[in-house]
Amino acid sequence: MAFSLTVNGHRHTVDVDPDTPLLWVVRDEIGLKGTKFGCGAGLCGACTVHVNGQPARSCSTPIELVDGADITTIEGLETEGRLHPLQQAWIDEGVPQCGYCQSGQIMTAAHLLANNASPSRDEIVTAMTGNLCRCGTYARIVAAVEAVAGGVGQYEPAPEDA
Amino acid sequence: MTMNRRDFLKVSTGASGSLILAVSIPGCASIQTGFEPETGEWKPDVWLELSRDDDIVFTLARVEMGQGAYTGLTTLIAEELDVDPARISVKFAPVAPEYRNPLFGLQLTGGSTSLATSWKPLREAGASARQMLVMAAARVWEVNASDCTTEDGRVVHPNGIDSLRYGQLVELADKEVIRGDVALKPKSEWKYIGRQAGKLDAHAKVTGKAVYGMDVDLPDMVYAVMTRSPRYGGVARGFNRSEVIGLPGVQDAFITERGVAVVANSYWQARKAQQALQVDWDMTDALDTSTEQVFEGYRRAASDDSGVKERTEGSVSKAAEQAEKLVEAEYEQPYLAHATMEPMNATAWYHDGKLEVWAPTQAPDLGRIAAARHSDLSPGDVNIHTTFLGGGFGRRLTQDYIEEVSAVAYQLKVPVKLIWSREEDTRHGFLRPAMLHRMKGSLADGQLTGWQHQIVGPQVLDWYVRNAAPAQYPWAPKFLYDTLGKVGLMAEGIATPKDISAIEGAVGYPYQVPNISVRHTHTDPGVPITWWRSVGYSHNGFAVETFMDELAYESGEDPMQFRRKMLDSEPRHREVLDRAARLAGWGEPAPEGRARGIALFKSFGTYVAQVVEAGVENGEIKVHKVTCSVDCGQVVNPRIVEDQIAGGILFGLTAALYGEINFDQGEIRQSNFHDYRLLQLHQAPEVVVDIVDSNAEPTGVGEPGVPPVIPALGNALFALTGKRQRRLPLTA
């Protein structure tokens with residue numbers, strides 16, 4: 001079946017089974033590999049993308065439920081070749097170890113800051129705790145989010161229910 | 001090439017001792033070095049490529065799985081080449097004898113050895129290349145080479161004004177010959193080693209551009225999933241092929257040595273078709289044990305066979321006779337999965353008589369053996385491309401997933417990617433062995449006079465040798481593979497290094513006790529096992545440091561002082577113990593509702609002491625703070641050391657709080673992160689990492705953070721509740 005999506009501002013039409021998870025559409029049909037497969041059950045957050053500005057576990061989101069939606073992936077966070085402040089903070093803090101979960105971590109953090117420019121430590125912890133990291137980078141994740149919190153974000157999320 | 005018997009028997013033992021039959025491979029150079037006029041590239045050695053355009057490429061012979069080799073090893077060569085590490089491009093090494101880990105004789109990343117084994121050779125490689133560039137410049141200028149200096153990729157004239165870029169010198173430098181040893185920079189001149197610096201792979205990893213195995217993409221690639229026997233060792237006899245083959249997108253389905261492969265146009269179609277699969281399994285040789293039976297078997301074995309003597313000092317039986325108090329304890333540790341965030345996967349393409357494999361693997365030369373195993377190909381026909389690894393922790397030392405994809409690709413002759421689901425990753429992996437420990441301690445006059453430690457369980461090498469032995473003799477005919485493995489095991493400790501995976505960390509018991517006995521009762525219940533971040537140290541650390549705490553309590557002494565007084569001849573142990581205790585406020589009262597526990601453990605050459613502050617809240621264990629002092633010799637990248645130690649602590653806490661793989665009649669009960677839990681951000685304690693300033697040779701940091709945190713937490717809970725924790729995972 002054909003479905004259409006706007007991914008990082010570009011329109012795509014894909015022909016896949018209606019129950020195909022958004023994750024595999026983004027990765028294998030559209031070719032954006034930055035969004036990762038971790039558990040296939042919405043438990044780890046490695047596959048987090050934004051659907052109409054809201055964070056979603058793309059591994060558990062059938063394509064038929066997001067037909068026509070605006071999707072942002074890790075590749076869409078940069079604007080005009082400039083890194084999102086969170087990506088820069090992630091580099092400055094040296095967050096990644098293996099790095100596999102970090103796309104999902106950053107997407108979750110980007111949604112948090114888009115809606116709450118100055119989150120408290122508790123708010124950061126609550127927002128981020130659903131994203132698992134096996135290497136144990138949690139402390140640096142909090143530090144990187146705090147480094148950006150209160151600053152001016154470059155990233156404007158797609159409007160809700162666009 | 002030919003190998004004589006002496007070469008075959010020549011051995012070297014790993015510093016960590018984790019592995020393996022190592023032989024030297026004489027005259028097997030496979031990497032061409034020198035200047036290539038057509039490309040304008042100069043390869044002074046197997047590590048570096050410098051171009052006329054000043055591009056510098058470093059070949060990384062260790063894989064990057066989060067442990068920081070990508071940054072750390074590049075820093076070593078950059079320091080001596082005198083170039084900012086950030087200007088160097090890094091590529092992953094192909095399989096070649098030059099890239100073997102000298103400790104193992106295999107091209108293998110593990111045992112926290114990457115930095116230690118690269119410390120000298122990579123600095124020497126960088127220094128030699130730099131020296132040749134300097135000599136070439138001196139010849140151009142007609143000055144003494146010793147009067148020239150270098151500065152970030154340029155050779156500077158003695159007048160301090162003129163300079164030549166390395167790129168301008170590469171062709172000339174190739175003709176230079178260094179006589180004698182090349183001098184390495186003194187520590188006082190280091191610009192990059194020991195300094196806080198960025199991670200060279202961070203940009204790729206925060207933009208989604210880093211290519212993991214999962215991200216490999218080839219034209220017209222198809223996707224495979226493998227249905228394995230629910231019980232290890234079961235063999236597929238048949239399946240409902242006609243039904244499966246007609247499902248949407250399915251291209252093929254067939255039986256392989258490892259199970260039934262379903263191949264489709266997309267991953268999702270393969271996964272869906274798998275649901276319709278009905279396999280007839282021959283379970284004649286399948287595992288049918290349960291966890292309870294494993295431990296019953298261990299107890300029986302422990303009582304029937306006191307085991308092989310691994311360390312004996314004095315007489316523990318005499319100490320026991322003369323003891324005022326005899327203390328005994330038994331500890332149990334379960335099987336553990338690795339749960340790398342990136343599930344097992346690999347991509348392969350068989351074309352033109354060659355098999356190409358792209359894989360996140362910790363041991364590409366073993367991967368080559370695994371890839372060739374079920375085909376007419378020899379290892380030389382297999383080319384392994386290593387990617388970034390989404391975690392390793394020892395799991396990717398075992399090459400089963402490469403074996404699988406290769407068998408499928410060989411049959412299909414089109415590019416194929418095989419992806420494990422998380423459930424398959426949890427249920428069909430190779431595990432950290434479950435272990436049993438029996439401890440006896442003799443106390444007299446307030447002193448520990450006897451230490452008895454009986455370790456009960458399997459050895460990892462028994463499972464690993466299948467691919468490791470042939471990987472060392474890749475020219476051996478395949479019908480000899482099994483023989484090579486058996487010879488390796490039979491010769492263990494004679495022609496091949498001893499497998500110390502079960503006893504490491506126990507034989508190195510550091511406390512001065514006059515009577516010591518460490519024994520290993522070797523028993524293997526048939527559950528597939530492999531290395532797991534810190535391996536034997538992970539279970540021996542818990543046994544040794546929990547029992548030390550029990551003995552301190554029984555002798556009425558402070559657990560820190562009890563340890564300290566037996567460390568007179570171990571200054572590095574004592575220093576980290578003192579520092580961790582001081583930093584954590586040991587001896588001062590803990591905040592209301594909390595208690596502290598301490599543990600000290602050396603692994604992989606690195607000394608680590610930790611103090612855990614924990615409480616129990618709402619019936620759950622709450623870890624508040626971990627204070628850690630570490631002595632790993634000379635530090636190359638302080639942030640990576642801190643990250644690895646802190647990461648190891650969280651890895652250990654995950655095992656201590658949740659880690660448990662259980663078998664029910666041969667089937668694993670756990671499946672995904674809901675029942676094989678990982679520590680989450682809100683549960684992560686504050687971690688303080690204190691690094692001892694040292695000039696000693698650098699040692700590994702990837703694993704040593706893990707072992708002490710598990711007993712330190714258990715000891716804290718005992719101090720809090722009075723209930724001793726003798727089984728993992730811990731309970732509130």
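**View 1. Contacts of B:Asp462 in the predicted model.** Leaving aside neighbours within four places in sequence, B:Asp462 is in contact with B:Leu489, B:Asp499, B:His522 and B:Asp524. The model shown here and in the other views is predicted. B:Asp462 belongs to helix H13 of chain B. Its relative accessibility is 28%, so B:Asp462 counts as partly exposed, since that class lies between the 20% limit for buried and the 50% limit for exposed. B:Thr386 stands 76 residues from B:Asp462 along the chain, and the C-alpha atoms of the two residues are separated by 26 Å.

**View 2. Helix H10 of chain B and its packing partners.** Helix H10 spans residues 364–372 of chain B and is mostly covered, with 9 of its 9 residues buried. The buried residues of H10(B) are B:Pro364, B:Asp365, B:Leu366, B:Gly367, B:Arg368, B:Ile369, B:Ala370, B:Ala371 and B:Ala372. Two strands of chain B, E17 (354–359) and E18 (382–386), pack against these buried residues. Helices H11 (400–412), H13 (461–472) and H14 (481–490) of chain B also pack against them. Helix H13 is the helix that holds B:Asp462 of View 1.

**View 3. The contact between chain B and chain A.** Chain B contributes 55 residues to the contact and chain A contributes 48 residues. About 4200 Å² is buried between the two chains, and carbon and sulfur atoms give 59% of this area. On the chain B side, B:Val206, B:Met341 and B:Leu681 lose the most area to chain A. Together these three residues account for 19% of what that side buries.

**View 4. Chain B as the setting for the close-ups.** The secondary structure of chain B consists of 19 helices and 28 strands. Along the principal axes, the C-alpha atoms of chain B fill a box of roughly 80 × 75 × 55 Å. The radius of gyration of chain B is 27 Å, which agrees with a compact globule, because a globule of 732 residues would have a value near 27 Å. Of the 732 residues in chain B, 64% are buried. Among contacts in chain B with a separation of 6 or more, 77% join residues 24 or more positions apart.

**View 5. Surface and charged side chains of chain B.** Chain B exposes about 26800 Å², with 47% of that area supplied by carbon and sulfur atoms. The chain carries 74 positive and 94 negative side chains. The centres of these two sets lie 1 Å apart.

Notes
Residues are numbered from 1 along each chain as its sequence is written. Chains are lettered from A and ligands numbered from 1 in the order in which they are written. This is a predicted model: local features need pLDDT of at least 70, side-chain atom pairs count only at pLDDT 80 or more; totals for chains, interfaces and linings use all residues. Side-chain values use heavy atoms; hydrogens and water are left out. Helices (H or I, at least four residues) and strands (E, at least two) are DSSP runs, numbered from the N terminus. The radius of gyration is taken over C-alpha atoms; the globule rule is 2.2 Å times the number of residues to the power 0.38. Buried means under 20% relative accessible area, exposed over 50%, partly exposed in between (1.4 Å probe, protein chains only). Contact means heavy atoms within 4.5 Å. Accessible areas come from the Shrake-Rupley method with a 1.4 Å probe; for residues, only the protein chains shown count as cover. Lys and Arg count as positive and Asp and Glu as negative; His and the chain ends are not counted. The place of a charge is taken as NZ of Lys, CZ of Arg, CG of Asp or CD of Glu. Buried area is the accessible area (1.4 Å probe) that two parts lose on being put together, summed over both.
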